[in-house]
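Please consult the sequence and the coordinates alongside the text.

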Amino acid sequence: MTRKLEERASFVVVVVVVVSKMKLVVAPKVVFLFRDTEGFASAVIDALHPHPSSSLTRLDDIFELSLEGYGIKNHKASGHVFHYVDHHGIYQVSVLVMQHYEPPVLACALNEVLNKIVEDNSASIPTLLVPFLVASSKVKGKSRSLRSDESKALVFGIQIGKNTDITQAVLSKTQEPPSSLRIQHETLACFLHFVRVMQLPTFVLIGQTGQHSENKSDKELEPIHVIGEILASSTGLQFSEGKVIWNLEKRTVESKEPWRALYG
């Protein structure tokens, strides 16, 4: 079943590799993250790792793609990829982290990265698992807030593209967003647009901060823990809640830039 959402809205061995001629080869399972000021992406990266008994090792890579084809010379589409590799040297899971971009550079960088993934992995297109954490103030149309006695945070799931074993496994662990749900998040809207057009096998996870009526730090971390556990169970990795460090400071409401009117 395809879920729809309106677009508005342990120990590991670490090897660092810098490749001059860029190829963005990834594993069949890719956790796709965006750097953010609150540190959500960093929290996931720090807490997600192989099981202590696993033979997987971590290979760290850097990517940097030119945006001159879009007339952009002062930015590149860049980020890091953390590959978890088995003893045969085969990528089992990749965690890709894009740098933070503002529109309209965001659309150019994201388009370049997604096209590069398709181009360099054409023999077997990977499944993307893409978590987002948004403030509840940016989520419109949800039915209620969680009470303090409810243990599990709500995580919405949106499936896009071809069904895979991975997307089916994640489907049962998330809640279908109501048809009235609207999320004001530029990066999410941009990402949904591209993966829908490209029909990439993708599952988007959306957690919310401020879901609980009692705003306590342990409750505020619950959405990260739930998303982390879903990612871990879907990738064969382990998520350690104790390693989660996250900035709980409230962000000021973003001003509405004039260019946004172009997108409705």
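The model is predicted: local features need pLDDT of at least 70, side-chain atom pairs count only at pLDDT 80 or more, and totals for chains, interfaces and linings use all residues. Residues are numbered from 1 along each chain as its sequence is written, and side-chain values use heavy atoms, with hydrogens and water left out.

**Nonpolar cores**

A nonpolar core is a set of buried Ala, Val, Leu, Ile, Met, Phe, Trp, Tyr and Cys residues joined through side-chain atoms within 4.5 Å. Buried means under 20% relative accessible area, exposed over 50%, and partly exposed in between, with a 1.4 Å probe and protein chains only. The largest such core holds 42 residues, and those with the most contacts inside it are Phe-32, Leu-96, Met-98, Val-113, Phe-191 and Val-204. Helix H2 gives the most to this core, with eight residues. A second, separate core of 34 residues includes Val-31, Val-44, Leu-205 and Leu-231. In soluble globular proteins, nonpolar side chains tend to be buried together.

Leu-96 has contacts (heavy atoms within 4.5 Å) with a set of residues including Leu-24, Phe-32, Phe-63, His-80, Val-113 and Ile-117, where residues up to four places away in sequence are not counted.

**Aromatic rings**

Rings of Phe, Tyr and Trp (its six-membered ring) pair if their centres lie within 6.5 Å; planes under 30 degrees apart count as stacked, over 60 as edge-to-face and the rest as tilted.

| Pair | Centre to centre | Angle between planes | Class |
|---|---|---|---|
| Phe-32 and Phe-34 | 5.3 Å | 50 degrees | tilted |
| Phe-32 and Phe-191 | 5.6 Å | 50 degrees | tilted |

Ring pairs link Phe-32, Phe-34, Phe-132 and Phe-191 into a cluster.

Helices (H or I, at least four residues) and strands (E, at least two) are DSSP runs, numbered from the N terminus. In strand S7 (residues 127-135), eight of the nine residues are buried. Two strands pair if DSSP finds at least two bridges between them. S2 and S7 run parallel and are joined by three bridges, with Leu-129 in S7 as the bridge partner of Val-31. S7 also pairs with S11 in the parallel sense, over eight bridges, and Pro-131 stands opposite Leu-205 in S11.

The expected span of a helix is 1.5 Å times one less than its number of residues. For the 16 residues of H2 this gives 22 Å, which agrees with the 22 Å between its end C-alpha atoms. Buried residues of H2 include Val-105, Leu-110, Val-113 and Ile-117, together with Asn-111, Lys-116 and Asp-120. The buried residues of H2 pack against S2, strand S4 (57-66), strand S5 (76-85), S6, S7 and H4.

**Backbone exceptions**

Most residues other than glycine have a negative phi, and most peptide bonds are trans. A cis peptide bond, with omega of about 0 degrees, joins Pro-103 and Pro-104. Pro-104 lies in the loop between strand S6 (91-98) and helix H2 (105-120). Gln-199, which is not a glycine, has a positive phi of about 55 degrees. Gln-199 is placed in the loop between helix H4 (186-198) and strand S11 (202-209), and at 48% relative accessibility Gln-199 counts as partly exposed.
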